[in-house]
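Reader: Can you put the structure up and take some questions on it? I'd like to go from the overall fold down to single residues.

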Amino acid sequence: MDNTWVAQFYEETDPVKRMEMLEAYGDDVAAAEAGGAEVSEDKTGAEKVSEEVNAAEVAAEAKRNAYRKELWVARYGKRRPRKDEFVGGFVELKGIAEATTIDIGGMRRKQAAKILSTLGLSAVRLEDELYKEVLLAELQNAFKRYFEVSRGGRGFTSLVFGMGQLSDEGVVKKLAEQISIIAFKAPRMLHMEKEFTLLKEAALQVYREEYPNREHFLNK
């Protein structure tokens, strides 16, 4: 089965285009699963094994696709996408880490628990390796979007009081600072590093991909 579309799906950050890909190729996956459900009895042993392996791969890909659709809905909503809940979760984590008020009644940990739920980071769900694989890819895509939005924002790339613009190196350092807060500082401050392990992995992979020689800017 040709899955080249999957790489394109995770490179694309426009939610509408991503759903169009899911709908277009998801039907092909479902059809392939239905067509390969039975292994022919008229084949040799080796041919039967090959068919069984192919059927298992098709079934696994169908399951991945179901998870992709589930996470699309969790991230953007059931109908027309209004906001990106995953990117919103990153922003909330950053706010938690930068808060200066006293944490009365452990409200920050409660807020963090809601963020975990929003991001699909359920410990029980993560026991499913296929789900974990798909969620990691979705979180990486969300970080790609976070980078895009940040780099495209004049306020983000401006110097103090909007006087001038940051250099490319300055933008990278600022992004590194924010990723450090979201993926490292917030989980550590909340004593929830284990719960946010997959988030950290996604953030690191995307940062390394975008800026392969600038990892030293991160404050881990």
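Author: What follows is a set of questions and answers on this model, which is predicted.

Reader: Ok. How many helices and how many strands in the secondary structure?
Author: The protein has 9 helices and 0 strands. Along the sequence the pattern reads α-α-α-α-α-α-α-α-α.

Reader: And what percentage of the residues is buried?
Author: Of the 220 residues in the protein, 39% are buried.

Reader: How many residues does the largest nonpolar core have?
Author: That core has 58 residues. Those with the most contacts inside it are Phe 90, Leu 121, Leu 135, Leu 139, Phe 143, Phe 196 and Leu 199.

Reader: Which helices supply at least two residues of it?
Author: α1 (4-11), α2 (15-35), α3 (45-76), α4 (85-98), α5 (107-118), α6, α8 (168-189) and α9 each do.

Reader: Which one gives the most?
Author: α6, with 11 residues in this core. As a general point, nonpolar side chains in soluble globular proteins tend to be buried together.

Reader: Switching to aromatics. How many aromatic pairs in the whole structure?
Author: A search of the whole structure gives 10 aromatic pairs. Take Phe 147 and Tyr 207: their ring centres are 6.5 Å apart and their planes are at 85 degrees, so this pair is edge-to-face.

Reader: Where do Phe 147 and Tyr 207 lie?
Author: Phe 147 is in helix α6 (residues 129-152) and Tyr 207 is in helix α9 (residues 197-210), so the pair ties together parts that are 60 residues apart in sequence.

Reader: Are Phe 147 and Tyr 207 buried or exposed?
Author: Both Phe 147 and Tyr 207 are buried. Tyr 207 also pairs with Tyr 211: the ring centres are 5.4 Å apart and the planes are at 55 degrees, so that pair is tilted. Tyr 207 and Tyr 211 are both buried.

Reader: Which residues form an aromatic cluster?
Author: Trp 5, Phe 9, Tyr 10 and Tyr 25 form one. Phe 9 also has a charge over its ring: Arg 18 lies over the face, at 4.1 Å from the ring centre.

Reader: What lies over the face of Tyr 131?
Author: Arg 125 does, at 4.1 Å from the ring centre of Tyr 131.

Reader: Pockets next. What is the volume of the largest pocket?
Author: About 180 Å³.

Reader: Which residues line it?
Author: The lining of the largest pocket is Leu 116, Leu 121, Ala 123, Leu 126, Lys 132, Lys 194, Glu 195, Thr 197 and Leu 198.

Reader: Some contacts between parts of the chain, then. Where is Lys 94, and is it buried or exposed?
Author: Lys 94 is in helix α4. Its relative accessibility is 18%, so Lys 94 counts as buried. Lys 94 and Ile 181 are 87 residues apart in sequence, and their C-alpha atoms are 5.9 Å apart in space.

Reader: What about Gln 140, buried or exposed?
Author: Gln 140 lies in helix α6 and counts as buried, at 16% relative accessibility.

Reader: Which helix has Lys 185?
Author: Lys 185 is in helix α8. Lys 185 is partly exposed, at a relative accessible area of 38%. Lys 185 and Lys 220 are 35 residues apart along the chain, with 7.6 Å between their C-alpha atoms.

Reader: Last one, on backbone. What is phi of His 191?
Author: Near 60 degrees, which is a positive value in a residue other than glycine. His 191 lies in the loop between α8 and α9. His 191 is exposed, with a relative accessible area of 67%.

Terms used
Residues are numbered from 1 along each chain as its sequence is written. This is a predicted model: local features need pLDDT of at least 70, side-chain atom pairs count only at pLDDT 80 or more; totals for chains, interfaces and linings use all residues. Side-chain values use heavy atoms; hydrogens and water are left out. On a 1 Å grid over the protein atoms alone, a cavity is a set of points where a 1.4 Å probe fits but cannot get out, and a pocket is an open set with protein on both sides within 12 Å along at least five of seven lines; lining residues have an atom within 4 Å of a point. Grid points are joined across faces, edges and corners, and a volume is the space filled by probe spheres set on the points. Rings of Phe, Tyr and Trp (its six-membered ring) pair if their centres lie within 6.5 Å; planes under 30 degrees apart count as stacked, over 60 as edge-to-face and the rest as tilted. Helices (H or I, at least four residues) and strands (E, at least two) are DSSP runs, numbered from the N terminus. Buried means under 20% relative accessible area, exposed over 50%, partly exposed in between (1.4 Å probe, protein chains only). A charge sits over a ring if NZ of Lys or CZ of Arg is within 6 Å of the ring centre and within 35 degrees of the ring normal. A nonpolar core is a set of buried Ala, Val, Leu, Ile, Met, Phe, Trp, Tyr and Cys residues joined through side-chain atoms within 4.5 Å.
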